[in-house]
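Open the model in your viewer and keep the sequence panel beside it. The stops below say what to select and what is found there.

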Amino acid sequence: MKEEIRQKLTGAVIGLARTCEKNEKTENTNRVFLEALTVAGDWSASIFDMSEMLEKARKYEEEQGKQIKAEDRPAFHVSPYVGWMNDPNGFSYYQGEYHLFYQYYPYDTHWNSMHWGHVVSKDLLHWKHLPAALAPDEDYDKIGCFSGSAIELEDGRQLLLYTAVDQEKMEDGTVRDIQTQAVAVGDGKDYKKYEKNPVLTAKDLPEGASKVDFRDPKIWKGKDGNFYCVIGSRPADGSGQILLYRSENGFDWKFVSILAKNKKRFGKMWECPDFFELDGKHVLLTSPQDMLPEGLEYHNGNGTLCIIGEMDQDTYTLKEQFTQSVDYGIDFYAMQTLGTPDGRRIMIGWMQNWDTIAHRCNDSKWFAQMSLPRELSVKNGRLYQTPIKELDTMRKDRVEYNNVVINNDTISLDKIEGRTIDMELVIRPEDKENVYKKFALRFAQNERFHTELCFRPDESVLKIDRKFSGSERALVHQRRCLVNGDANELKLRVILDRFSAEVFINDGEQVMSAVIFTEQEAKGISFFAEGAAKIDVVKYDLV
Ligand code: FRU
């Protein structure tokens with residue numbers, strides 16, 4: 001087949017050359033030229049010489065993925081075609097579609113040698129699985145194709161920049177991982193790794209930086225026309241830092257600066273950085289390992305961190321002004337953003353956490369989901385997140401209640417139920433002088449199960465609790481979040497999608513995300529108040 005195409009292509013090109021030589025009519029030249037292009041298109045698609053490893057992965061996922069019924073997956077959150085998924089990679093807009101790649105191991109629902117899975121979408125909600133994009137099939141990435149990002153090149157090709165993991169034998173006979181950065185280029189479906197990979201290695205590190213922890217490049221195009229990328233790194237102090245690199249063409253990279261240093265404040269190694277300008281500020285997102293909590297900020301273990309500040313354009317360093325967690329729920333990590341054609345900054349995250357991956361549905365052929373894509377903004381030194389506006393098109397069957405008083409009681413409301421819903425709630429005290437003690441919303445509920453959101457206005461703390469969601473494991477099942485604002489009004493927007501809950505607090509000032517594997521028949525919703533609370537509810541089914 002390849003030989004046939006090669007011959008056709010050669011024929012077409014020779015034809016074109018002859019036509020040009022004879023200087024025949026332009027019409028004819030165009031025809032031959034178009035023919036050559038068409039054949040060249042088929043040719044490039046078919047000569048993309050797929051490794052056996054990638055071919056095997058593609059075959060496997062094709063056979064296994066289609067056996068998973070649509071209703072056994074999330075309705076509008078990304079899940080892997082089959083097997084395991086972690087970080088979002090290459091979240092980008094390319095030739096009219098949103099592309100999302102992900103850390104992927106098709107053969108099992110546990111982490112293993114990393115491939116890149118691939119989905120595309122027109123609206124960030126309805127995703128189509130494409131064949132796996134990368135497999136760890138080269139010497140320099142044989143241990144795994146770790147996280148990275150994507151961008152469109154001048155010539156229309158899509159470039160993937162990812163961390164290649166190899167191993168090195170130590171003098172004492174033990175082995176350790178070595179991380180470098182590599183490039184692959186493709187057409188939105190098939191990608192060819194660059195012959196001169198890796199493009200960034202230990203020799204490009206600043207002094208003291210470890211070659212064992214050097215990963216997760218996030219690329220963007222600067223206003224000066226150059227490509228830039230930020231990469232997570234471990235300096236000599238053992239904590240984390242973010243390195244900035246520059247390239248004119250996406251292939252040849254030079255070290256620019258240490259953009260930000262952890263100095264042992266927020267966990268240790270900083271993974272999966274992203275860096276962008278938003279609302280007049282510079283924002284650095286990263287996912288630190290080994291975090292310690294500070295009050296109700298920063299989860300123990302693998303956390304999320306947002307640093308808002310200003311970029312010093314002379315030294316290429318970030319002057320920090322504000323810091324916060326990105327998500328205050330149980331399951332969120334390794335977020336990545338893209339810029340939409342209409343100028344929005346959209347973030348997606350792995351709606352899981354390394355500390356809670358044992359919370360799972362045992363008989364499922366897929367593991368893990370991405371969060372809902374969220375639009376970001378910066379207001380008063382804080383990062384705000386709201387569900388993407390595209391979600392509004394999925395809203396159906398509006399049900400509304402206003403000024404419902406709940407006085408030391410538990411109530412349910414007609415038609416307020418479901419597991420794929422978008423619900424807005426405003427909770428106020430019935431009597432401002434005598435504020436209720438506690439308000440609770442229960443969802444994914446039947447006689448046996450429920451997940452609860454509980455608010456205590458005197459502490460201003462909102463708690464999510466999935467202890468009774470059907471989990472058989474004694475893991476972290478609760479998180480608490482210190483809500484800003486007064487006791488007079490709490491606004492919640494709760495998005496449920498079969499196996500998850502995302503709660504946007506006070507117009508997106510804070511967000512709590514958690515996955516739940518409660519049986520789908522548990523679709524009840526109830527409201528409870530100790531004292532007297534008054535609520536407004538608007539609910540839509542998401543269809
Ligand atoms: C974050 C992470 C990345 C790494 C990838 C490996 O979740 O540890 O730092 O590239 O996962 O799958």
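Predicted model: local features only at pLDDT ≥ 70, side-chain atom pairs only at ≥ 80, totals over all residues.

Two strands pair if DSSP finds at least two bridges between them.

**Stop 1**

Select strand 11 (residues 241-247) together with strand 12: they pair in the antiparallel sense over seven bridges. Pick leucine 243 and look across to strand 12, where isoleucine 258 is its bridge partner. Now widen the selection to the open sheet of four strands, whose order is 9-10-11-12 with antiparallel pairing. Strand 9 and strand 12 (253-261) are the edge strands, and each pairs on one side only. Ignoring direction, neighbouring strands of this sheet are turned by 25 degrees against each other on average.

**Stop 2**

Go to proline 198, in the loop between strand 8 (191-193) and strand 9. The peptide bond that joins asparagine 197 and proline 198 is cis, with omega about -5 degrees. In general, most peptide bonds are trans.

**Stop 3: the ligand**

Select the ligand and the 13 residues around it; Asp87, Gln103, Arg215, Asp216 and Trp354 come nearest. Sorted by class, this shell has six nonpolar, three polar and four charged residues.

- aspartate 216, with a polar side-chain atom 2.6 Å from a ligand oxygen;
- glutamate 271, with a side-chain N or O atom 2.8 Å from a ligand oxygen;
- asparagine 86, with a side-chain N or O atom 3.0 Å from a ligand oxygen.

How much of the ligand's accessible area does the protein cover? The protein covers 95% of the 320 Å² that the ligand has on its own. Colour strand 1 (83-94), strand 5 (144-152), strand 9 (214-221) and strand 13 (270-278), the elements that give two or more residues to the shell.

**Stop 4: a hairpin**

Move to strand 17 (residues 333-339) and strand 18 (residues 345-350), which run antiparallel and are joined by five bridges. Leucine 338 has isoleucine 346 in strand 18 as its bridge partner. The two strands form a hairpin with five residues between them, and glycine 343 in the turn has a positive phi of about 90 degrees. Strand 17 is largely enclosed by the rest of the structure, because six of its seven residues are buried.

From glycine 339, draw a line to alanine 529: the C-alpha atoms are separated by 42 Å, and the residues are 190 apart along the chain. Alanine 529 is in strand 31 (residues 524-542). With a relative accessible area of 0%, alanine 529 is buried.

**Stop 5**

Most residues other than glycine have a negative phi. Select alanine 444, in strand 24 (residues 438-445); its phi is positive, near 45 degrees. Is alanine 444 buried or exposed? Alanine 444 has a relative accessible area of 0%, so it is buried.

Next take serine 460, in the loop between strand 25 (451-456) and strand 26. Serine 460 also has a positive phi, about 60 degrees. Buried means under 20% relative accessible area, so serine 460, at 13%, counts as buried.

**Stop 6: strands 26 and 27**

Finish with strand 26 (residues 461-465), which runs antiparallel to strand 27 and is joined to it by five bridges. Lysine 463 stands opposite arginine 480 in strand 27. In a regular strand the side chains alternate between the two faces of the sheet. Strand 27 (residues 478-482) has Arg479 and Cys481 on its covered face, and Gln478, Arg480 and Leu482 on its uncovered one.

How values were computed. Residues numbered from 1 in each chain as written. Heavy atoms only, no water. Near = heavy atom within 4 Å. Polar contact = N/O pair within 3.5 Å; in protein donor to acceptor, adjacent residues only side chain to side chain. Areas by Shrake-Rupley, 256 points an atom, 1.4 Å probe, with all protein chains shown as cover. Nonpolar A, V, L, I, M, F, W, Y, C, P; charged D, E, K, R; others polar. Axes fitted to C-alpha atoms, helices over the stretch in contact; angles between N-to-C directions. Buried < 20%, exposed > 50% of the residue type's maximum accessible area, 1.4 Å probe, protein only.
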